Amino acid sequence: MISYPILWESGVYLPEQHLWLDPRQPRPRAVISHAHSDHVADHPLAYATPATRRLVTHRRRKPSAGTVEAVPYGEPIALNRCVVTFYPAGHVLGSAQTLVETDFGRVLYTGDLRTRAGFTSTPAQPTPADVLVLESTFGKPHYRFPDAGEVIAAMVSWCKSVLDGGATPVLLGYSLGKGQEILSALAAAGLTIGLHASSFGVTEVYRELGCDFPPYQRLGDAGPRPAVVIMPPTARRAALADQLGVFKTAALTGWAMDRSLKDRLAVDAVFPLSDHADFEELCCYAETIGARMTYTVLGFDEELAMHLRRRGLRAKPLAAIDQLRLF
Ligand SMILES: [Zn+2]
């Protein structure tokens, strides 16, 4: 079996290039693929797209937490023993796949990936590579997402039935990415929309970066009560009754394909709207790239690697590599 000098150190690590991709811990020199907090740390020097840089800066508690150098999509930069280029990943605004050209071949790290069109990000396009490092969030076969248009229609219809029943629909989605997708999806429904403060702040940055949205207001600001509310799943719901009266909640996430999710989250409804590729999309993506080796990372890395092998690819979880063998 061929081995490549690529390791898993709570992030992808290329030791010969002394470069980390999405490490969870601060590292001397790292790529940040997108601004979700589980992909960001306070690295002394990091590289990211301009939109990711802006979003990371917006969300950082310590403004002095290291330098993030902005690198636009498609513009190669030369680093230590490699050339790095970002390509759209389709996940959230600014999200990037990272191509690292090395003397042992072209390494493509997808980061979180979506191949379908969303409202606020360009879908991921396959880029030829010798080694693919594939993020495996929904890497099990039962994660097959329905058509997003049908999911949105069901979500809007649920909102209208909740309103008809005299309650306020509250839609739960992460403040960065999902919140803006839900907001855009509601554009045609003609409802007044209230955003939780954290969703509101990120949406203002999206607008500054050129995204268009239907009108919205910050939840709690003076004015008429919004017909529908968007907030992160982690926000406290206890105070909502004072602001909204009777309300009902719905979670929008790919995990809605798990039957137990509705009970686990204690919500009234779930809708499988995702900003990730589903299982079949991940497999097709890996097949299209056709790399000599596919390393799966995070999520269901072992299951996805097994299914890719059954489909004829050479694949294994990066975390399973015997690191001692490489030194
Ligand atoms: Zn993400």
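Two residues are in contact if their C-beta atoms, placed from the backbone, lie within 7 Å. Keep in mind that this is a predicted model, in which local features need pLDDT of at least 70, side-chain atom pairs count only at pLDDT 80 or more, and totals for chains, interfaces and linings use all residues. Residues are numbered from 1 along each chain as its sequence is written.

Select Ile-6 to begin: leaving aside residues up to four places away in sequence, Ile-6 touches Val-12, Leu-14, Val-107, Val-131, Val-133, Tyr-295 and Leu-318.

Next, colour the nonpolar cores, each a set of buried Ala, Val, Leu, Ile, Met, Phe, Trp, Tyr and Cys residues joined through C-beta atoms within 7 Å. Here a residue is buried if 20 or more other C-beta atoms lie within 10 Å of its own, exposed if 12 or fewer, and partly exposed in between, with C-beta atoms placed from the backbone. The largest nonpolar core has 64 residues, of which Ile-6, Val-12, Val-131 and Val-133 touch the most other members. A second, separate core of 27 residues includes Val-162, Leu-186, Val-228 and Val-229.

Now move to strand E9, residues 96–102, where 6 of the 7 residues are buried; strands (E, at least two residues) are DSSP runs, numbered from the N terminus. Strand E8 (residues 82–88) runs antiparallel to E9 and is joined to it by 6 bridges, and two strands pair if DSSP finds at least two bridges between them. Select Phe-86 to find its bridge partner in E9, Thr-98.

On to strand E10 (residues 105–109), which is antiparallel to E9 and joined to it by 5 bridges, with Glu-101 opposite Arg-106 in E10.

Definitions and conventions:
Helix = DSSP H or I, 4+ residues; strand = E, 2+ residues; numbered from the N terminus.
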